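Please look at the model below and take a short tour of its parts. The report goes from helices to domains, then to chains and strands.

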Amino acid sequence: MKKRYLLVLPALALLASCKPEISDKIDSGTYYPGNADFSTYVAVGNSLTAGFMDGTVYRSGQANSFPSILARQFEVVGGGQFTQPSFDKDINDVGGLLFGGAVNPGFKTKMIINMSTGGPENIKGQSTLEATEQQKKAYHNAGVPGAKTFHLLSAGYGNPANLALGKANPYFVRTATSENVTVLEDALSLSPTFFSNWIGANDVLSYATSGGEGVDQNEKGGLNPGDYGANDITHVGVFQDVYGKITNALTANGAKGVVATIPDVTAIPYFTTVPYNPLTPELIGVDKIDQLNGLIGMLKQILAKGGQGDRLQMISKEAANPLLIQDKSLADMSALLEMGIKQAVDAGLFPIKLEPAQIKLIAVSFGQARHATAKDLMLLTSKAEIGASLAQSTGNATIDAMLKKGVTFPIGDEFVLNSVEQEKVKNATTQFNLIIKQIAAEKGLAVADMNDILNKAVSGLRVEDGQIYTADYFKGMGNLNTVMFSLDGVHLNQRGYAFIAAEILRVINRHYDAKIPLVNPAVYPGPTLLPNN
Amino acid sequence: MVKKFISLSLLSLISYSAFAGGYRVAMQGNKQLAMGHTGVAVVNGAESVFFNPAATVYLKDKWNFSAGMNVLVADTKFQNETYGWENETRNVGTPIYAYGTYKATDWLTVGLAIYSPYGSAVDWDRDWQGAHLVNNIDLKAFYFQPTVAIKVSDRFSFGGGPIFVNGGVTFNKNISRSMVDEHGNKTDVTIEAKNVTAWGWTAGYMFNFDDHLRVGMNYRSKIIMKESDGKAKFYDVPGFGEGMFQNGRIKAQMPLPAEFSVGVSYEWNKWLFAFDYNRTFWKIYDALVIDFVNSPLGTSVNPRNYKDSSTYRLGAQYTVNDQLSLRAGWYYDESPVQDGYFAPETPRNDSRAYTGGLTYKFKNGLGIDLVFSYLHFSDTNNSYDYFQEDGQNVSFGGTYRSAVTSGGIGVSYSF
């Protein structure tokens, strides 16, 4: 009987196996909110706050908007429920918006990489989101894609009747609690104890992404935002006034928060991915260069008569060549060119016979053309233009074959942010950021200097685990796991928003003496790659 | 008897033995395990075939048999305060052994040993924070070892023999930290190598100064397990990755390092004391290299950079009477894992082991060997810094804390 007890020993061993306990174990005291109160967090801003990526807002992407990521971390230190506009109806997870059931070219489906063609494309799939289907509910994520600072205070911005007038925003129409409520009023109705405000980028970046096809209201002295075009740069005075009002309203009840600055265009892949000189001799075709130089040389001679010969340069057989672009800030030399080309054709100097209409086409398109320089920023959208044939035939197959965009035919001004336009963008960005920092300082708010962070990310920013994140566009397998900008080149992807969230958490921890666990961007999804589309 | 049990239980609580660093599992005999897994200079039954074949020739009986198993429970807790990550894993292992010796003549003893000195089973939650390094791993190696021992004199003997190993490993990890299929499932790969065989050898000698004091030395050679026909199976591969992540053949090798032991034992009345020193030549494990045959993935090199490590063992045995022997032991085991190479597949650092046990011999001569061991590990803040992601080494780490508890039962019989 006693001997049988012996057999109990091994069993006892297992029962006795007590789990080890880490001495500095994470417990209720490890993380704390410091002197902020995260119980009701509301996020105010534009597309960057809304979780916009790959050219739209789609269900799975929105789930990892930066405020949503932040809110999950806030839960550890007393954060409460965090709601976002419902995208449950995005059945196919493709985003986009329908207007009365019709697709709209301004609200396409999300962008993906089609591996069979290699390029970014809008996913082929049916959008199921209806812009005019109103939820009439205030959400903790109050980010509205496309909103400028003054839009947050604009009554009627969520009124469906204003959509046709261009005075309403379909994303706000979907959520606005009433026709005349403002974005800020809906946000404040949730009584935030903590807020993030990342607004202002569209006040300058919509001008930049349009290739400078808008008005700098600082030059024009435009003080009434109601008169602004969609691509205008907001007047600094207007920005100061509106930003101050928004901040006052957000902090009126003692809420604390974090505000973010506006990134420079030089830190956004949309402006930095396409080089000004992508035309290698091989790309152009080495054997074609002499012939092309004949044409360019002739145009150069004609322009030289007007003192503008240096607009063009001969194509090199050794080095990469710049793109031929349109620059509307140049004096129009089309009349001179038309005359010159006609003379050359008449004198038989032109290899082929040109009709008057064809001469006019070339003269007009070269009237404000020049070769790009390192100072020009080619927009991401220009990539598809390079080497493309003209949309309409000139009526002469030989000329059609010769005219390639970027090489022998200028790429439109709307695909280029030239140095004059860049200067306007830079000035506005700098002044807006000064205002943001100054008002934040007055209110004792934390500042997430996204401009500084993304500028640093241009050369690469190392995070806690040693990974280096750069402000690059998707390059293929080389940065599949680290690319943080989405395929639209302007907005971040889910990983990028996690990167942003981590930075904001660091700022909050520092500013409010809080300790909130960080997030690691590495585990968040990057671009969507599909074998075909 | 009851009194003895109480003292034994107390002994059990403070003593115990099991794991060594890396993927070595030191549980090759319940008698010796109870004595801190000493044994190179001990003559204490058939277990000597493993510890030092040279000792088998000094066994009194013509036939000696010993077999047993352990059930070990290995717990590891992990946390990373920066990200608020917490995780834990509990794994059960069952190392076994079976030994027999036969005294053919007065000067020659032959023996046979079957044991499992290497093994590692770690099973983390699927897709846990370190899943890009390992989701789960199950490594096993069985040694089959015939030996011959020759008594040169009552003072000196030597012995040894070939070792045949049969082993295998199943290893699953995620492809990267972020890759998912179209349904959001993380893409992972299982590497499988089964029935891999290899040969090695062992040899040792024993010297007896007098009736009390013995010294012994034993060497077990390194064995490289080479797999040329393993399998790689990919799961939850996104459409675009189907060309790259194709199920196929792999080539890989894994070293089972050489082990050198010296020891001394002293018998005094009813007491037996033993001290062993082990040196395990882990340096050979510099990288886990997996060659994906005919695959665009090419060769995957995962640096391990282990260092040689030492273990210091102490053990004591007290023979109460003809029926009962009590044992206790202690050892200190250095981890072969260097800072920055702390991978969660073998998440253990230096340890201190406490062991205890007993043998109860029945009237018919059959002995029951019981053992209990506990390995204590301190908190360690460490990381694996060599995971490549887009050409950059990234780190995964935090605070780890482990404990291993085991209980074993065996039988021994001599005649």
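## A helix crossing in chain A

In this predicted model, α14(A) and α15(A) cross in the right-handed sense. Helix α14 of chain A covers residues 334-346, and helix α15 of chain A covers residues 356-366. Their axes come within 8 Å and cross at roughly 140°. Angles over 145 degrees would count as roughly antiparallel. The pair α14(A) and α15(A) is therefore oblique.

Which residues make the contact? From α14(A) come Ser334(A), Leu337(A), Glu338(A), Ile341(A), Lys342(A) and Val345(A). From α15(A) come Ile359(A), Lys360(A), Ile362(A), Ala363(A), Val364(A) and Phe366(A). Sorted by class, the contact of α14(A) with α15(A) has eight nonpolar residues, three charged and one polar.

## Two domains in chain A

Chain A is assigned two domains. Domain 1 is written in two pieces, 41-272 + 419-530, while domain 2 spans 281-417. The C-alpha centres of these domains of chain A are 39 Å apart.

The two domains touch. Domain 1 of chain A puts 15 residues into the contact, and domain 2 of chain A puts in eleven. On the domain 1 side, α11 (269-272) and α17 (419-443) of chain A each give two or more residues. Which of these elements gives the most? α17(A) does, with four residues. That side of domain 1 of chain A holds seven nonpolar, six polar and two charged residues.

## Where chain A meets chain B

Now step up to the chains. How many residues of chain A are in contact with chain B? There are 47, and they meet 41 residues of chain B.

Three elements of chain A each supply at least two residues to this side: α1 (2-6), α2 (8-16) and β15 (529-530). The largest share, seven residues, comes from α2(A). By class, the side of chain A that touches chain B divides into 27 nonpolar, eleven polar and nine charged residues.

## Paired strands in chain B

Strand β10 of chain B, residues 248-256, pairs with β9 of chain B, residues 223-235. These strands run antiparallel and are joined by eight bridges. One bridge partner pair is Met225(B) with Met254(B) in β10(B).

β10(B) also pairs with strand β13 of chain B, residues 287-292. This pairing is antiparallel too, over three bridges. Here Ile250(B) stands opposite Phe292(B) in β13(B). Look at how side chains point along a strand. In a regular strand they alternate between the two faces of the sheet.

Technical notes: Residues numbered from 1 in each chain as written. Chains lettered and ligands numbered in written order. Predicted model: local features only at pLDDT ≥ 70, side-chain atom pairs only at ≥ 80, totals over all residues. Contact = placed C-beta atoms within 7 Å. Nonpolar A, V, L, I, M, F, W, Y, C, P; charged D, E, K, R; others polar. Pairing = 2+ DSSP bridges. Domains from an automatic or database assignment. Axes fitted to C-alpha atoms, helices over the stretch in contact; angles between N-to-C directions. Parallel < 35°, antiparallel > 145°, perpendicular 65-115°, else oblique. Left-handed = near helix turned anticlockwise from the far one by under 90°.
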